[in-house]
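Student: I have a structure open and would like to learn how to read its features. Please take me through them one at a time.

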Amino acid sequence: MLFIDFSSAFNTIIPQKLIGKLSLLGLNTSLCNWILDFLTGRPQSVRIGSSISNTITLSTGAPQGCVLSPLLFTLLTHDCAATHSSNHIIKFADDTTVVGLISKNNESAYREEVQRLTDWCRANNLSLKVNKTKEMVVDFRRMRNDHSPLNIEDPSVEIVKSIKFLGVHLAENLTWSLNTSSIAKKAQ
């Protein structure tokens, strides 16, 4: 499983690209125009104490903290889907995971899927934070082989034994012990 971390995912939305995808999904022109107007020409300034910065106008990204931003990002990424039947791409807003079933030691479909996802991200103005992207290998075979690390845009992705995904602690042996100990600590 590859747990993807995007760099400022909501900030990278290009409104015109999103509107093109929404049109292909069949959204009516009035709604597409409203979304385009919502995402472009937004004035923004920063206040720290009594000091206020100059105002700049933003025409990319979706506003932070807005309930529409995760939905718009999800619609932007709707066309990012697995191409191999042995793989799945799981998405929840900007949390994306590639799950690949590797059988007979053939990792080619999984590795091709990751490369295709990397290419898709580049074409859609999304950059991966490779240093925060993690891979977890679940392997119940008696004779385990070493899994060579993935390379995405040169650096290797770190292979981890556990990860927190959407609030759930996942472990490479698929036990619940990390989850239950985390909940027990919170309960105390």
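**Salt bridges, confidence and a cavity**

Tutor: E113 and R116 stand three residues apart in helix α4, so about one helical turn separates them. Helices (H or I, at least four residues) and strands (E, at least two) are DSSP runs, numbered from the N terminus. This is a predicted model, in which local features need pLDDT of at least 70 and side-chain atom pairs count only at pLDDT 80 or more, while totals for chains, interfaces and linings use all residues. Residues are numbered from 1 along each chain as its sequence is written, and side-chain values use heavy atoms, with hydrogens and water left out.

Student: How is pLDDT read, and where is confidence lowest and highest in the chain?

Tutor: pLDDT is the predictor's confidence in each residue, from 0 to 100. The chain averages 89, and 100% of the residues score at least 70. Helix α5 (residues 177–187) has the lowest confidence, with a mean of 76, and strand β4 (residues 51–52) the highest, at 96.

Student: What counts as a salt bridge, and how many does the structure hold?

Tutor: The term covers a side-chain nitrogen of Lys or Arg within 4 Å of a carboxyl oxygen of Asp or Glu. The structure holds seven. One of them joins E113 to R116, with the closest N and O atoms 3.3 Å apart. D119 and R122, also in helix α4 and three residues apart, meet at 3.1 Å, N to O.

Student: Which residue forms a salt bridge with K129?

Tutor: D5 does, the closest N and O atoms being 4.0 Å apart. K129 is in the loop between α4 (108–123) and β8 (134–135) and D5 in the loop between β1 (2–4) and α1 (15–24), so the pair ties together parts that are 124 residues apart in sequence.

Student: What is a cavity, and which residues line the largest cavity?

Tutor: On a 1 Å grid over the protein atoms alone, a cavity is a set of points where a 1.4 Å probe fits but cannot get out; lining residues have an atom within 4 Å of a point. The structure holds one cavity of 30 Å³ or more. The largest cavity has a volume of about 40 Å³, volume being the space filled by probe spheres set on the points. Its lining consists of F6, F73, T77, C80, K91, T96, L117, W120 and L126.

Terms used. 1 Å grid on protein atoms, 1.4 Å probe; cavity = no way out; pocket = protein on both sides within 12 Å on 5 of 7 lines; lining within 4 Å.
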